[in-house]
Amino acid sequence: MKKLTALCAASLLCCTQVSAQSYFDELLIFGDSLMDSGNLGLRFTNRVGDGSGNFSTGAYAEIAPQHLGKALGLATNSAVGGGTSYAVGGYETADILNSINGTGLALPAGGAVARAAYLTEFPRINPNALILIDGGGNDFLNGTANSQATIIASAQTLVGAVKALSNAGGRYIMLSNLPDLGKTAAAQAQNFLTPGYAAAVSTGAAGFNQAVQTYANLSGANIIPVDLAGLIAYVSNNAEAYGFANGSNAAFGPLANFDQRYMCFDDGPSNNACIEHPVYGISQPTADPSKLLFNDGVHPTAKLGEITGDYLIDVVTAPQVVGQVPSLGLGIARTQQQSLVQVMRENRWLADGDRLFISASGATGDEPTGGDQESKHLTLGLSRAVSPGLSLGAAISMADHELNTDGSEIAATSVGFSGLVNYREDRWLAEGSVGLNVVDYSDIDRKFSLGSQNLTAAGGADGHGWHLDGQLAYNMLSSQTVSLAPALGLRWLNSKVDGYTESGGAVSNYQWGEQSRASRQFRLGMLANAALSENFSLYAEAFAVSEEEDANETIEIRNTNLGYTSYRLPSYQNDGDSFADVSLGAALSVDKARVALNLNYNDEGEGRESVMLNYSRPF
């Protein structure tokens, strides 16, 4: 935490808010060819070609984990080259377990050990590591999982690998389920010759996923489920929208009734034989892997890999988007407190009196962790002088609020109740306010993309918040027209948001747990007021503020499309910081009424500003 420096306090220079760019500093990858970024010298996807339409040359396209790594700024280099990706094409679940805490990383599967098992080299896992693991497909392809008992055994082995990582300190483990193997190009090609084959394979894959889910829920690990099966099904069901070849084509002769979604780009030498697309396949003059889901019998093309990468990114970043909701709640509490400032200012500098007041404001600001917040506020209240130097008041507030970020649009309405107090004795000035607000977060729209498709997962929640603000000042001047008072203050803000369930996000719908956020500020500054005439006055206030709350929050999440138990992911991180808070304004008396205009700015984060109009009159 950065404290106020003498320079900051004296000059009110900008003191920049610091927030982490990434919650994770390492990406560990274990699994099979769907995760292999090059341990065997290749990646299991199509090549990018040389630009002439020859896709037998060029580098291999990036796969889903690499897209995730790029988004997080984390390396996904192969373990054989000293990197953190231990996934190897051809690995069964037993091989994956060996690469974690067994005999080591064998190249190829069953071959010589190229590197020691991960936990042999690193007995304790970095607590800030994100772990990605899959497996099971090769157990089926190689015939290891060929009965209910062996399918369950393979599932237990994969979950055993997860438990080993968890027991070694792994806190965030993304576990992928198995795609529907009956809906692969290889299975559908075999089904073309042997009807019923694909259905049987689908049943086996579903049984494996169910077993993995059951044992994972009993493991005690913080498992973040990755619904790869659901994602591929979603893309396949929306193939035309994504620009993939879809359905049958009468021009294909003997293949006229074969669904193009299950044709592949490259049917070269492989035990995963598939039917090459007659138009977009690698041997055609019009070769185009971007038109096809499958590169070969079981592996995705670059385009499907990129869509899968988008999904992985959303799994990790969605909690950070939702984590902004209680930040909006802090803004609501802050605006409620600011709506009382002008009447407290009048109680501070003017003669004792009873006042009715109306305050209307508009506030905009950039959140320290990203996003623009806007509020429109109306406050009605009264303040009464109960004794010489002592005034008490109460107010009710109504407001509309919005928070817009690159990944969300959040709208809320609130009703607040506040109390305030002013006390003067000689040159000493003491004042404070307390308030409670009830919030309806009516629209929480989380926006994300899966390839070319833009989706919105929508929901709504209830919440509440409160503020407690107080300051003590001493007027150094005895003038009746000019006042100058150093001040010391403390401000607490708090917000809580209930859990809610979203819908509309296709494969990415979640149930979000309860959240809270707090702000605790020490304030050191100066209050100034100048009565230029009997009816007109100017004022200025400047504070150096030290934010004492550090936030390192996680949120409880449950994937509503799957039967996994809830898990936790980081949602919000912010370090306490120092910033300047400045207000300027003018007040004009008209008959018995008083109208004031207030401008406020502070440089917390990217800056926050507000304009407030206040009307008051005695009663």
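Helix α13 gives the most to the lining of the second largest pocket, with 5 residues; helices (H or I, at least four residues) and strands (E, at least two) are DSSP runs numbered from the N terminus. This is a predicted model, in which local features need pLDDT of at least 70 and side-chain atom pairs count only at pLDDT 80 or more, while totals for chains, interfaces and linings use all residues. Residues are numbered from 1 along each chain as its sequence is written, and side-chain values use heavy atoms, with hydrogens and water left out.

Let's stay with that pocket. On a 1 Å grid over the protein atoms alone, a pocket is an open set of points with protein on both sides within 12 Å along at least five of seven lines, and lining residues have an atom within 4 Å of a point. Its lining has 39 residues, and E346, W349, L350, A351 and R424 lie nearest the centre. Elements giving two or more residues include α13 (341-349), β10 (408-425) and β22 (608-618). By class, the lining holds 11 nonpolar, 14 polar and 14 charged residues, with Asp, Glu, Lys and Arg counted as charged, Ala, Val, Leu, Ile, Met, Phe, Trp, Tyr, Cys and Pro as nonpolar, and the others, Gly among them, as polar.

Now look at the strands. S359 sits in β7 (residues 355-366). Contacts of S359 (heavy atoms within 4.5 Å) beyond four places in sequence include S339, H377 and N614.

Finally, find β8 (residues 372-387) and β9 (residues 390-405), antiparallel strands joined by 15 bridges. They form a hairpin with 2 residues between them, and G389 in the turn has a positive phi of about 85°.

Note on methods:
Pairing = 2+ DSSP bridges. 1 Å grid on protein atoms, 1.4 Å probe; cavity = no way out; pocket = protein on both sides within 12 Å on 5 of 7 lines; lining within 4 Å.
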